[in-house]
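Dear colleague,

Please find below the structure that I am handing over to you.

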Amino acid sequence: MTATDERGVRALLADGRVVAVRELGPADEAEVLDLHARLSERDQYLRFFGPMAPLGSVARQIARARDDGHAALGAYLGGVLIGVANYEVLGDDPNTAEVALVVDGAAQAHGVGTLLLEHLASLGRSRGLRRFVADVLAENHRMMKVFVDAGLAYRSTGGGPERQVMISLAPDETYLEAVGERERVADVASLAAVLRPGSVVVVGAGRRAGSVGNAVLRNLLGAGFAGALTAVNPHADEVAGVRCWPSVAELPEVPDLAVVCVPAAAVPDAVEQCGQRGIRAAVVISAGLSGSELGPAVLDAVRRHGMRLVGPNCVGVVNTDPSVRLDATFARGAAPAGRVGVVTQSGGVGIALMESLRQLGLGVSTLVSTGDKYDVSGNDLLLWWRQDTRTDIAVLYLESFGNPRKFSRVARALARTKPVLAVRPAGSDVAQRAAASHTAATATPAVTRDALFEQAGVIAVDTVGELIDTIAALSWQPLPAGNRVAVLSNAGGSGVLAADACVHNGLIVTELAPATTAALRALLPAQASVTNPVDTTATVDAPTFAACLRVLLAADEVDAVIAAGVPTALGDPVTAVATLAGSLEKPVLAVRPGQLASVTGLAATSATIACYADPAPAAAALGRVARYAGWRREPAGHVPDLTGLAVPGATGLVHTHLSALPAGGWLEPLEVTALLESFGIPVLRPIIADDGDGAVAAWRWFGAPVAIKAIADTALHKSAAGGVLLNLADETEVRAAVDTLAQRFGAALRGMQVQPMVPAGRELIVGVSSDELFGPLVVFGLGGTDTDLIADRTARLAPLTDTDAQRMVHSLRSSPALFGPNAKNPLPTHDISDVLLRVGRLAELLPEIAELDLNPLVVTETGCVAVDARIRIEPRHPTDPFLRRLRG
């Protein structure tokens, strides 16, 4: 895990300023010397425990060329070195290094030291270090605070004036939470210039109506932007009543935000001028930069001047907060104010969504169109919305993930308190490669993405229409306490359709209790049906329909109601539903067949409910909401401590294999067995035989019927290739099996695995397919020879929590029959969950594992064992996904 590349990375300080962090070398000696020379006498004393050591030797030692025992990082603000962190590996312990930090006095208390420590710890971990040690004066409270605030486990020893601090570099959950909170604080501070600017300049505000710059300026005026507004146009004194200046350099005051609307060729110079003037953030509306030399030029300017950037090729940004009133877009009409936060890579989707929300009587709190996403991304907005009290629902349209593992953490944290919805971009898995393992064939991009969404509690939809349907259900109704639904209708056909749609969307059309049916019978005519779905008949009036709804809402066996009604001469039952909206403690979705809008808000005196034109989208929206509510009710889960792990041996095995075969490949059977056993995964250990005599000797050793499996590069799917022969009970059968395999595979046969037969049981599959961006995907499902035919599987991304593992076990279509309370011979879910957790940990700690299959994993009432297993490894150079760094 490398913390930096040669150019370094951008990261945020606690106050939102952008610094560059990079490794230091001999060329930086003068800057390191200058930093130490700027230290106050007090800081010198705290750093060196007395008079300062000769500055030249200190700088030379820190800035010397990187080697196995030394590394140094520097933090630069505005091109000036403001902090240094370095370590020196101890001669008697190659796993431990002494760490030192120094920060310019003028830059202290802004998180520079903590940021450098995070990056240095990540760099040290990537080079095999396990701990840092430091000698600190007891009175150096700021340095002790850096070590404490980092979140890494530490121990302080010693008395008197000095303390020795030992810091573990293991990134446990406490550390990741601390890093995440620091990132949230810094990100919100940096985005204030984007979403809460006190002043805005439109660069390229044209006089011509219809030009993008003119439209942006007029939208800012139309929204009544609360801050100071200026424009840059060298050919005009004013546009739309706003004073213009010839260039950014000539602006009388430095604005917080620049909205750049000039032609693509002029964008790099415009952004450079913004950076030179000290503008903190830019929104680049202009398109045509990506794929040319213009894009890197813009990025270079952003990096050098420490700016935040939205775009390029975007629609702009919106914040409808009455204290801000920012509409820096070229969308038609004012952005509707509301409580939905939106981040979208597609400007068209953003505009369509605003229009749909407007028609529904809803609106946006904030909207950011990220366009080509050079810097500000969905992760930034997820962090912003956690503290934004004006955002109740978060909506994402993401065509790509820059850091999906960080997305998982920040989305999960937000979804615990606010619904997060994502529109899945159109795509196809047709081009998925023909994988050599069943797991890799399963792990398509769509499966991986959906696993990410499900674990993070994100409500995923496929269209803007489904998105609006779900937002309507969430905006006006409480979350259901379960997924048991009652359907109430005055038209039998609509009720049946609604009930069918509920079942299709994972809802339970609940059986009504006798007391509930009795109360309904007392209200309804004899010909009415009081079983679920309830058909009141078309002869009831609206008050009676409302009374029936009250009965259903009061029933303990009902968590939500879909009320479908058509108007008759006796009244409109859906209107009666709306009158109850203000007093509902359970969600009710209305359906009015024939209404023009697919979904609308049905307003009563003080509240609103969602009303759909058809039962199917109503049931689909309720199904999504119920699943999300169920996810929120579940414990968050934790990554458990697993016993019996021999990580150093497993790591050594992988490195030995890659040393011999640098390109990687499939491990040999005994290597697979050793790797699985090192993580406590139950596996049937084979004996390898070269010929018939060896196979017979193995059969005699086991003293029981055996299976013989071919070891051949052409038989990765052994059963399908005819490479598995079972239940060989005597020497004659064993030798005949060896001859059969020799005939089938010829010179490709490199040997045979001989294993004892195991008792018959349910055959499952557990596997891993690892992606360098998303990390390892753990797959679980029905296994054996029919695994690809039945395709009953589920998937989660590592690291797996105990909750993830349990959800996987119970997420198969066949789970009720295998593990449910009514299963004939229920299988041990604890043992299966343990295997899933151990496989997930194996893939997490050994990123070189590209593919893994346990197929079949044979499960009986007494436990489980992997009968066949394959592992493919390849060289990997992973980056630290949780290291604080900005895109670009």
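Two strands are said to pair here if DSSP finds at least two bridges between them. Helices (H or I, at least four residues) and strands (E, at least two) are DSSP runs, numbered from the N terminus. The model is a predicted one, in which local features need pLDDT of at least 70 and side-chain atom pairs count only at pLDDT 80 or more, whereas totals for chains, interfaces and linings use all residues. Residues are numbered from 1 along each chain as its sequence is written, and side-chain values use heavy atoms, with hydrogens and water left out.

I begin with the parallel strands. In β29 (residues 608-612), Y612 is the bridge partner of V591. Strand β27 is joined to β29 by two bridges, and the two run parallel. Strand β27 (residues 588-591) also pairs in the parallel sense with β26 (residues 560-564), over four bridges. Here A590 of β27 is the bridge partner of A563. From β27, V588 and A590 point one way and L589 and V591 the other, and all are buried (under 20% relative accessible area; exposed is over 50%, partly exposed in between; 1.4 Å probe, protein chains only). In a regular strand the side chains alternate between the two faces of the sheet.

The hairpin is next. Strands β16 (residues 316-319) and β17 run antiparallel and are joined by four bridges, with V317 opposite A328 in β17. Six residues lie between the two strands of this hairpin, and R325 in the turn has a positive phi of about 55°. Strand β17 (residues 326-329) directs L326 and A328 one way and D327 and T329 the other, and all are buried.

Three bridges join β31 to β34 (residues 749-756), and A689 has M752 in β34 as its bridge partner. Axes are lines fitted to C-alpha atoms, for helices over the stretch in contact (heavy atoms within 4.5 Å), and angles run from 0 to 180 degrees between N-to-C directions.

Two helix pairs remain. Helices α17 (residues 514-523) and α18 (residues 542-554) pack at about 170°, their axes 10 Å apart. They are therefore roughly antiparallel (over 145 degrees; under 35 is roughly parallel, 65 to 115 roughly perpendicular, the rest oblique). T516, A519, L520 and L523 of α17 meet T544, A547, C548, V551 and L552 of α18 in this contact. By class, the contact has seven nonpolar residues (Ala, Val, Leu, Ile, Met, Phe, Trp, Tyr, Cys and Pro), two polar and no charged ones (Asp, Glu, Lys and Arg), where polar covers the others, Gly among them.

Helices α15 (residues 464-476) and α20 (residues 615-633) pack at about 65°, with axes 9 Å apart. That makes α15 roughly perpendicular to α20. On the α15 side the contact is made by E466, D469, T470, A473 and L474, and on the α20 side by P617, A621, R624 and V625. These residues divide into five nonpolar, one polar and three charged.

Yours sincerely
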